[in-house]
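These are my notebook entries on a structure that I looked up. I set down the terms as I needed them.

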Amino acid sequence: MAHPIENILRTTMEQLKQIADVSTVVGAPIMTAGNTIVLPVSKISLGFVSGGAEYPGNNAPVRRAGQALDGEDGTNGYPFIGSSVVGVCMQPSAFLTVQDGHVSVLPAQSCCTVDRIVDRVPQLIAEAEQLIERLCKKEQGNKTRQACGADRTNGEDE
């Protein structure tokens, strides 16, 4: 026969497994309108206390050390009292974003503006590269149009 504290611990551990599930730490993906996937990531802290005791009733004799307290020796055991307590703290820590195959981490809390700027440097560089490419393509298109226009005017003048 299992001791009552074992049942309390078993039940508590089963509940803790449900609380500390992977989907609790890394949340469900969120799809935005711009085809960006956002995954929330949380920090979970657990505090756990469990205990129990057998206590004698009003007329129960005091048992000596070494005697079974739970009735395994054929006598009636003492009544058992037990409890377990769990404290849970969930705190968002970051967001993983996936956009066009690029993964980035956005912290949920920043201690200062410099941290935010440093975190954004790779994105700013990528956006600057895209802007430069677009400007170069646009300029090449203008030169091509000018060259074609110049040929037409040269041909018409003759």
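I took helices (H or I, at least four residues) and strands (E, at least two) as DSSP runs, numbered from the N terminus. By that rule, I found M90 in strand 3.

**Entry: basis.** I worked on a predicted model, in which local features need pLDDT of at least 70, side-chain atom pairs count only at pLDDT 80 or more, and totals for chains, interfaces and linings use all residues. Residues are numbered from 1 along each chain as its sequence is written, and side-chain values use heavy atoms, with hydrogens and water left out.

**Entry: the sheet.** I counted two strands as paired if DSSP finds at least two bridges between them. Four strands make an open sheet in the order 1-2-3-4, with antiparallel pairing. At its edges I noted strand 1 (30-31) and strand 4 (102-107), each of which pairs on one side only. Strand 2 (residues 36-54) and strand 3 (residues 80-99) are antiparallel over 19 bridges. I found A53 opposite I81 in strand 3. Helix 1 (residues 4-19) packs on the sheet and touches strand 2 and strand 3; contact here means heavy atoms within 4.5 Å. The direction of helix 1 makes about 170° with that of strand 2. For this angle, axes are lines fitted to C-alpha atoms, for helices over the stretch in contact, and angles run from 0 to 180 degrees between N-to-C directions.

**Entry: accessibility.** V88 counts as partly exposed because its relative accessibility is 40%. M90 is at 47% and so is also partly exposed. V105, in strand 4, is at 52% and therefore counts as exposed.

**Entry: contacts.** Leaving aside neighbours within four places in sequence, I listed I19, I44, S45 and L46 as contacts of V88. V88 and I19 are 69 residues apart along the chain, and their C-alpha atoms are separated by 8.6 Å. With the same exclusion, V105 is in contact with A94, F95 and L96. The C-alpha atoms of V105 and A94 are 6.7 Å apart, and the two residues are 11 apart in sequence.

Terms used: Buried means under 20% relative accessible area, exposed over 50%, partly exposed in between (1.4 Å probe, protein chains only).
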